Amino acid sequence: MQTLEQELSAWMRQAFAAVFPQADVAALPLNVVATTEAAHGDYQCNAAMAAAKLLKLKPRDVAQAIVDQAALPEGVARLEIAGPGFLNFHLAADWLARRLEAVQGDERLGVPAVGQGKTVILDYSSPNVAKPMHIGHIRSTVIGNALDRMHRFLGWRVLADNHLGDWGTQFGLLILGFRTFADAAAYEASPIEELERVYVASYNRSKEDESWKNAARAELVKLQQGDAANRQLWQSFVEHSLREFERVYARLGVKFDLVRGESYYNEKLPGVIAQLQAQGLAEESEGALIVKLEAEKLTPCLVRKSDGGYNYATTDIATVLGRAAEFLPDEVVYVTDERQQLHFKQFFTVCRKLGVTTKLQHVWFGLMRLPEGTFSTREGNVIKLERLLDEAESRALAIVQQTSPEMPPEQQREVARCVGLGAVKYADLSQNPQSLVTFTWDKALALEGNSAPYLQYACARIASVQDKYRERFPGSEPTTQPIKLDDPIERGLGLKLLRFPDVLQRAAENFRPSLLADYLFDLAQTYSTFYQNLPFLKAEAGVRESRVRLCDLTARTLRRGLNLLGIETPARI
RNA sequence: GUGCCUGUAGCUCAACUGGACAGAGCUUCUGACUUCGGAUCAGAAGGUUGCAGGUUCAAAUCCUGCCAGGCACGCCA
């Protein structure tokens, strides 16, 4: 099934080519988009103004020629010219109704599988071993997971890869510190907490004790050279950390197809260097090996340290080469915070020089800050992710207990879990990721207004309506009656429902889940107006069924949309 | 110093990437029937889109210069 925008845009393109065969259609933005205001019709095309310039005609004349000479597209009742040359499409209510009926019969709600046959690798979350996941990790995890779900639904083959920070200099300090400070029982009970404590102690000692620092470096070298004891210890750190990460992921509903840390590409690093050298891309500088990127106006990319060690640019290049060879992806997408922009530009450029043609995309988001500034593990002012989730659930529980005292306690907890986690995720997904974000409890856990619970509430009300309908009209099936869009409120709701496929595609293409979140909130608001202002169970037969059908379609769209954002929708809240 | 990003209602954020009069939520104020779930709805108030120029039919959006904040700029990741 084609989307509305695709259908109308295709018509526009063909109509324009027919009326102005001399024009270069490909160069013009002939797409048709939804209007912002009902007064301007349902969909609009703004191409006449740009086309007029190209054709040396008046914009309104261009628009008029389209209106006069071409047959109207299917479903369009009126095509009008407004302002300087806007083309406003007014759709026929009947046709909209038939279309909604078709969407209702479609499992996919009219969403085309545009990603069919394509593969995308999504690299997100990627926490560091031996450190707790904190509020800084939630954005990558939640945004990455939403992109994962959206692409999957659009038909892509998605490989979500958790590229763990499981290699690097911190392991020298950790290994040495572990042998000196670790408490075995504490490590078993709460591994990351214990590793964190050990790390901080070891780090602090290294600052005042030069020999300690050297010893840590020696342990790191032994690890890198494959020393059995260190290797085993490292393996234990990774496994224990992963166990805890899994607990958080299970809670968040996040699943990875691959968990390949940086260490996975270890043996490939010398080969990457060899390849760079063979192609004459790398050169020595101050004892290190770099790739100059002057033509790209970038600072050099350092691929081997002066001590012979490799750094993360090398690892990331090896990762791309490995992925390209193994999975033949069309795209590789990274979701990280803003600080890594330069790094990604550099190593993407190096990859291209090495002949990688896969589309490489960096989706970045603003670093999470605390009102008093940034936080770091070393400073000890981190807010752990699990604590955030606990707090979210307990705040939600307090509200559920207050508003639904008759609900069994177990169900209250389940509702609070969905509402609390939904609120946290929605808070991150509903805004432009590139803006600065200052963490506050109230913002992260907002439960009213533009928030997940508002959407979940709308779903719950619809479920209730559907129950009551079955109760009062046993044996009736709404779909035996046609959908009618006589009231402007119904029509507005119907129109909005039909926008879902276009919005979803745009959100995925631009890697912006916030577009989907915005749409869902808008849809829920439109539905609430509908719900509050029009009777349905009390409406006459026929109208009643039509409205119940709109309820059903709204619920399915909201549920699907929220599901694609990783947010659950309990039947009762 | 260079590069990237941000600046929109009192507060938190939108604005389909150049489109029509800049929209929501929170807060404040006024209302909501014989009740389908009031975690709701209807309405009011709230703006020189950081500042100054420029580009054009059209600028929050593009260009130039300032101001304020964030981040990054070879051996951490």
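These entries record what I looked up in a predicted model of a protein with RNA strand B.

**Entry 1**

**Entry 2: polar contacts to bases**

I next looked up contacts that reach the bases of RNA strand B. For S285, I noted a polar side-chain atom 3.1 Å from a base oxygen of RNA strand B. P535 takes part through its backbone: an N or O atom there lies 3.4 Å from a base nitrogen of RNA strand B.

I also listed the elements that give two or more residues to the surface near RNA strand B. The helices are α2 (47-55), α13 (341-353), α14 (385-403), α17 (452-472) and α20 (513-533), and the strands are β4 (86-91) and β8 (288-291). Which element provides the largest share? I found that α20 does, with nine residues. Sorted by class, the surface near RNA strand B holds 25 nonpolar, 24 polar and 19 charged residues.

**Entry 3: α5 against α19**

I turned to the packing of helix α5 (residues 138-153) with helix α19 (residues 500-509). Their axes come within 10 Å and cross at roughly 125°. Because of that angle, α5 counts as oblique to α19. The crossing of α5 past α19 is left-handed. I recorded M150, H151 and F153 as the contact residues of α5, and L504, A507 and A508 as those of α19. The contact of α5 with α19 comprises five nonpolar residues, one polar residue and no charged residues.

**Entry 4: α6 against α8**

For helix α6 (residues 170-181) and helix α8 (residues 191-208), I noted axes 8 Å apart and a packing angle of about 105°. The two helices, α6 and α8, are therefore roughly perpendicular to each other. On the α6 side, the contact involves Q170, L173, L174, G177, F178 and F181. On the α8 side, I listed E194, L195, R197, V198, Y199, A201, S202, Y203, R205 and S206. How many residues of each class make the contact of α6 with α8? I counted nine nonpolar, four polar and three charged residues.

Note on methods:
Residues are numbered from 1 along each chain as its sequence is written. Chains are lettered from A and ligands numbered from 1 in the order in which they are written. This is a predicted model: local features need pLDDT of at least 70, side-chain atom pairs count only at pLDDT 80 or more; totals for chains, interfaces and linings use all residues. Side-chain values use heavy atoms; hydrogens and water are left out. A polar contact is a pair of N or O atoms within 3.5 Å; within protein, one must be able to donate a hydrogen and the other to accept it, and residues adjacent in sequence count only if both atoms are side-chain atoms. Helices (H or I, at least four residues) and strands (E, at least two) are DSSP runs, numbered from the N terminus. Ala, Val, Leu, Ile, Met, Phe, Trp, Tyr, Cys and Pro count as nonpolar, Asp, Glu, Lys and Arg as charged, and the others, Gly among them, as polar. Axes are lines fitted to C-alpha atoms, for helices over the stretch in contact, and angles run from 0 to 180 degrees between N-to-C directions. Angles under 35 degrees count as roughly parallel, over 145 as roughly antiparallel, 65 to 115 as roughly perpendicular and the rest as oblique. A crossing is left-handed if the near helix is turned anticlockwise from the far one by less than a right angle, and right-handed if clockwise. Contact means heavy atoms within 4.5 Å.
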